[in-house]
Amino acid sequence: MSRIIVVSLRVAQQKNIATGGLAVAIECMLNAHQQKGVWLGWSGEQSAQLCTKLHTEDRDHYSTITFSLTPEQHQQFYCGYANNCLWPAFHQRIDLMTFHSHEYQQYLAVNEQIAHYLHAILQPDDIVWVHDYHLIPLAHYCRQLGLEQRTGFFLHTPFPNADLLATIPRHQSWLPYLLDYEVVGLQSTPDFLNLSASLTKVLGLSADEGKITHKNRTTLIKSYPISIAPKLIQTMATMPTPFGSESSDYPLLGDGQLIVSADRLDYSKGLPKRFESFNTLLEHYPTLKESVNYLQIAPSTREGIESYQQQQNELESLAGQINGRHASFNWAPLIYLNRAVAPIILMSIFRKSHVGFIAPLRDGMNLVAKEYVAAQDAADPGVLVLSEFTGAASELQEGALLVNPYDTEGTAQALYRALSMSLAERQARHQALMAHLEEFNLERWCACFLNDLNTVGAETTPSLQN
């Protein structure tokens, strides 16, 4: 059986593996694979000189191989083209997009360097799975080095439509690089349609049942909605926490109904709009005062990027204004935590809560929504209030209350409906959501992608020379 070599920008520290998203998907896949695999990526550390030595760590069922970045690479590749140009454009925030040609050159150079790291560790029959927007050009540089191993790519963010893509400087250069992969996976059908239309507009290429042949290589483009491991989440939600599991162990959350959100601190998450919607809820439904709390967990990410600092300042100001307007001596309606919470504690809070408020302005999938559902007590479940602009919305629409996060009054009405929903309706909605999550779980997501990569790769990959 072939080894799987996973490449992502970051390699998660073992003690910090999260409950969902890229890290847990890779962890579960590598642990389940019979042949011991490798996870290659940035260690998170910076070094004054260009990294020439890789660090290897042996874990239970796989190994990690990490490298450092120089401060210049971190600033220009990571903070620069990847997160100041691609990220905002992919999330429909071109007003926040900045571009400098030297940052794009560094974006290419870092990908070329990672290709050399791959060259040093690859065996002829390895399978390579590359993840996310930081590494779009990686297969191109691998092919230049003569590496013809089956190589797939999965984009965890949305993919923009052709008009938005046209605003991204140098997109004409890297878009063809996607066709150096055998499989390109996207989160949703709209993302698949956007990429297909862009390839037609920019390169004049059309997909036949998702397959495009370009320069003697066939690439399959397909949506693979990422998911979670429901049983893992359920186990975590019912485990004893350092604070126990009774509501009295979370005194700040009060004894009334609880609305909870958990997100990275990112402008794509629409947290100011959520705060405004909660304020509207309290103003329009005054009977809720002193009987409902909103907990927002939002750890900081990508320090050093100005737009993220501005977001943090805005949230702190809004939280103060809302509490100043509505709080009493015995009740603070909004609790804002600008730090990470241990997964076991977070799942316990999800299970205790009455509403999961997941309302990003734009999101590729949003696995927190799926985790919230899986953490619930089926006998007395909470209600998921979910943005229609997430990849998860099309999957969870049968049981969630979908909202337009830009419509703060409509969102407030949905929150009130969730808080006042009957037990019978909550149970029926939760049952429908859990049936979907159990069928379309993380294991199935991994298997579908790898099966396609094996099939397409076997059809198109040239024979390898040892």
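Over the ring of which residue does the charged end of Arg-274 sit? Select Arg-274 and Phe-357: the charged end of Arg-274 sits over the ring of Phe-357, 5.9 Å from its centre. A charge sits over a ring if NZ of Lys or CZ of Arg is within 6 Å of the ring centre and within 35 degrees of the ring normal.

The model is predicted, so local features need pLDDT of at least 70 and side-chain atom pairs count only at pLDDT 80 or more, while totals for chains, interfaces and linings use all residues. Residues are numbered from 1 along each chain as its sequence is written, and side-chain values use heavy atoms, with hydrogens and water left out.

Next, select Arg-10 and Trp-42, where the charged end of the arginine lies over the ring at 4.9 Å from its centre.

Rings of Phe, Tyr and Trp (its six-membered ring) pair if their centres lie within 6.5 Å; planes under 30 degrees apart count as stacked, over 60 as edge-to-face and the rest as tilted. Select Trp-87 and Tyr-133: their ring centres are 5.6 Å apart and their planes stand at 45°, so the pair is tilted. Both residues are buried (under 20% relative accessible area, with exposed over 50% and partly exposed in between; 1.4 Å probe, protein chains only).

Move on to Tyr-104 and Tyr-107, whose ring centres are 6.2 Å apart with planes at 25°, so this pair is stacked. Tyr-104 and Tyr-107 are each buried.
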